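Q: I would like to learn how to read a model of this kind feature by feature. Could we go through it together, with the general idea first and the case at hand after it?

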Amino acid sequence: MPSNEHYEPVIGLEVHCQLLTKSKAFCSCSTQFGNEPNSNVCPICLGMPGVLPVLNKQVVEFTIKMGLATHCTIAPKSIFARKNYFYPDLPKGFQISQYEEPLCTDGFVDIEFEDGKKKKIGITRIHMEEDAGKSIHDIDIDTVVDVNRCGVPLIEIVSEPDLRSPHEAYLYLYKIRQIVTYLGICDGNMEEGSLRCDANVSVRKKGETKFGTKTEVKNMNSFRFVERALEYEIGRQIALLEDGQKVLQETLLWDSNQGIAVPMRSKEEAHDYRYFPEPDLVPVAVNQNWVNKVKATLPEFPSERRDRYLKEYKLPKYDADVLTTEKGLADYFEGVVENLDKKSDETYKLASNWTMTDVLRVLKVQHIEISDFPVPPKNLSEMINLIVDGTISGKIAKDVFEEMLKSKDSPRTIVEKRGLVQVSEEGAIEKVVDEILSKNKEQVDKYRSGKNQVFGFFVGETMKAMKGKANPKMVNEILKKKLSS
Amino acid sequence: MKSFDILRQELSAGTTSCEKIAQTYLAAIDNGKHLNTFLSVFAEKARLNAVAIDKKLKSGKAGPLAGMVVSVKDVICVKDERVTCGSRILENFVSLYDATAVSRLKAADAVIIGKCNMDEFAMGSSTENSAFGRVKLPQDGARIPGGSSGGSAVAVRAGMSTTSLGSDTGGSIRQPAALTGVVGMKPTYGRVSRYGLVAFASSLDCIGPFGVCVKDVAAVLKVIAGHDENDSTSAVVPVPDYVSSLTKDIQGLRVGLPKEYYGSALNTEIREAVERKIESLRKNGANVVEVSLPSTDYCIATYYILATAEASSNLARYDGARYGYRSQNPEDLMEMYVESRTNGFGAEVKRRIMLGTYVLSAGYYDAYYKKGQIVRRLIYDDFHRAFEKVDVLITPTSPTTAFRAGEKADDPLQMYLSDIYTTSANLAGIPGISVPCGNDKQGLPIGLQVLGKHFDEATVLKVADFLETNV
Ligand SMILES: [Zn+2]
């Protein structure tokens, strides 16, 4: 049996992200999805005779954002190139891309393992390009082409061959998705194809410094498939080498149904793209001023934000991780914190608990995004303020929260309308406690004879009698006092 | 062959109307059918348009080109009209929009009368490479009118339109202007929007006007020039009033004669004709000096590498999949591509697509395309240095006068040499104009070329205007 432990995989990823610009890369057509096939088109994206591309500035801006977020150098001058090949979903017979002088080069991201360790993964380049159309293969009516997607802007992010396991590749892809969604430049949806990933894979004996022959694996259209496809391909290459065979340099397509990677037909593969500078577009000039302007709009990144939560709010690492996974959730949490009357480590933790458990639970049950969550952060803070100032108990708060989901009333209104204000008046609680004690002489005797566990019974009875509105802390104190007297 | 000036005079004298003018041209087109000048004629549209402009003239609200009738090379888009590019592959293709140059002409109240025949996809120097038959020289039907804008040149020469729009990638306006005996100008690259010009070689293509005189060319250029947001390569440079710059004042003008253009290969009659014109410049106060453009020998080679490379990519969209000619009942996708392109394109277009594909291929890119780019820069630098010393350069436009049809058809290299004096302006991006310069012994027109600095069309036009009237 070949032993995987003697081999080391070397993986580099090419990630394509569809940008969330309003219009296409080189014409003013809308980028909206789900429209009727071939409705978002014009002579330019259809490649009609005589048309010319005009660059959408927002594409450059989004790419600069990604470049800055991944510590790249932003080129003051970069150029577009034509990538020439024939395909029915490519109306011009070439794709406008960048080749020799991309906009962003030499960056990196930190991937983070479950144990908190980090690893730096190099980014070779990030360049702009336009998407091709989409061939819809239909057995009844031959192949039809939907060109709505034609000309939608993409960025391609090319990593260095720094990844050493399918899991690292997964973590890297996860990180890239987190960054693009945080930046708001891509929705990160792999199943719908707005995030796509190809991998270059080779294996070598451990300790070897030279790279082995690599293959390219395409069509891994979900996070799960990326890890599985890479594991498959690494296993295949090791098996070949152990068997004394050679790895062929080829392109493979991941077939998720069969769980195997199949070589592409050689005819499709034998592309000579004949890149040359796109003569219809002038070089893209980006001055420092523009870079600075874009820099000023960058949001705080997940890892930075997480570290800040640890320091500023003294949250446990688990909380900080969960809250910062998604930008929307972290923004919500901070909205809650912002409106707290009392700002302390305890109230921060309360805000974290409510966001992490109650809010997230509702999102999961109702299958909604944080942006569609019905309770504004300000209302959740107000509810926490009511807990902190003793107006309601934590238990009552659960009811108030449920009510907030339905009624849109502020928590204060809910509490007042339903008479949920906590009773903290000593006399009122004493009166009820006295009644309970006098009605349950037997239990009182038990307690006094040392059976402390009946204490809970008295608490329960008191709360029940007061419909849960009694201040639990005071109930405890008064009961203790009365029972020991 | 009435100039726009004369037409305007007749209009204001009331002896004619736009409608009459249009009808005169339509009649000339009808009578000249044997010349095969037009691929489509918008007879009824043009007449109605002219009637509308007559009304505007009466109310004093007409645009600056009211009374002018323009024909358009069939490589430039006119909304709702066919744009064949002289090719079988686009035979029935109708454009959905107006080229910017065309919409500007329409806005200035010029009447568009039809589309002119041309070498297929503007590839050729004789207008023999049209899928719809060759265009004949009006002076001698056995001869060619030059190309690729041969139809436009003949339309002006034979009085079928006042002016015409052509396109010039390596001489395709200037050379047919010279051979037919009219004025034709290639402006600075970026001066006129290319939006709506079906691309041959994007970094070289220019739209420019033909006219019976320099003044008409200046009037059209004024209207079509200027930045266009639909063309990223169109320049943001102010457009002067070209007509008012035609002062005929050449006192102190510095004129350069690039010695490489007057070598022993030049036909004696053409040399003498050009020299006579130069002499009149001298006599009228210009300083004429010899200059050198050392990279001249590399122009044709550089041009055919870069132009074909771009063409191979620009013409990739004609694959039968979305519009245009498609082969019948292909077995599969590859066969549809191969058959559509094999049958849809003519021989010269296929030759250039193959050349261009070759020079961009892996392993050849550095040796050809990249080297071509480097030499292009040297050619640019040559002109830049020359224009430090002189204001304009004067050369012959074409090494020969109009040749016989078929004479060079089987020898592409001989045909390519027709552009020996014209490709350099496209490679350097500078403006150039061809003006009539007398006739040879057979009575065939000779052309003289004036080249100028980037965006200095005003000086080029001024010199051309002087030469046109002073022998
Ligand atoms: Zn479009």
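Q: How many bridges join strand β2 of chain B to β3(B), and do they run parallel or antiparallel?

A: Strands, like helices, are DSSP runs numbered from the N terminus, with at least two residues (E) for a strand and at least four (H or I) for a helix, and two strands pair if DSSP finds at least two bridges between them. Here β2 (residues 69-73) and β3(B) run parallel and are joined by five bridges, and within this pairing B:Val72 has B:Lys115 as its bridge partner. Strand β1 (residues 38-41) of chain B also pairs with β3(B), but in the antiparallel sense and over three bridges, with B:Ser40 opposite B:Lys115. This is a predicted model, in which local features need pLDDT of at least 70 and side-chain atom pairs count only at pLDDT 80 or more, while totals for chains, interfaces and linings use all residues. Residues are numbered from 1 along each chain as its sequence is written, and chains are lettered from A and ligands numbered from 1 in the order in which they are written.

Q: How many residues of strand β3 of chain B are buried?

A: A residue counts as buried if 20 or more other C-beta atoms, placed from the backbone, lie within 10 Å of its own, as exposed if there are 12 or fewer, and as partly exposed in between. By that count, six of the six residues of β3 (residues 111-116) of chain B are buried. Helix α5 (residues 150-157) of chain B is likewise mostly covered, with eight of its eight residues buried, among them B:Gly150, B:Ser152 and B:Arg157. After α5(B) comes B:Gly159, whose phi is positive, near 65°.

Q: Which residues touch the most other members of the largest nonpolar core?

A: A nonpolar core is a set of buried Ala, Val, Leu, Ile, Met, Phe, Trp, Tyr and Cys residues joined through C-beta atoms within 7 Å. The largest one has 219 residues, and those touching the most other members are B:Ala22, B:Val70, B:Ile76, B:Val111, B:Ile112, B:Val183 and B:Ala464. Helix α2 (residues 166-183) of chain A gives the most to this core, with nine residues. A second, separate core of 30 residues includes A:Phe333, A:Ala351, A:Leu386 and A:Ile392.

Q: Why is chain A said to be more spread out than a compact globule?

A: The radius of gyration is taken over C-alpha atoms, and the globule rule is 2.2 Å times the number of residues to the power 0.38. For the 485 residues of chain A the rule gives 23 Å, but the radius of gyration is 30 Å, well over that value, so chain A is more spread out than a compact globule. Its C-alpha trace spans about 95 × 60 × 55 Å along the principal axes, and 38% of its residues count as buried.

Q: How is chain A divided into domains?

A: Domain bounds come from an automatic or database domain assignment, and for chain A it gives domain 1 (4-293), domain 2 (300-417) and domain 3 (426-484). The centres of domain 1 and domain 3 of chain A, taken over C-alpha atoms, are separated by 68 Å.

Q: How many residues of chain B are in contact with chain A, and what kinds of residue are they?

A: Chain B brings 35 residues into contact with 23 residues of chain A. Helices α9 (299-314), α10 (333-344) and α11 (347-360) of chain B each supply at least two residues of the touching side, and the largest share, three residues, comes from α9(B). That side of chain B divides into 18 nonpolar, ten polar and seven charged residues, where Ala, Val, Leu, Ile, Met, Phe, Trp, Tyr, Cys and Pro count as nonpolar, Asp, Glu, Lys and Arg as charged, and the others, Gly among them, as polar.

Note on methods
Contact = placed C-beta atoms within 7 Å.
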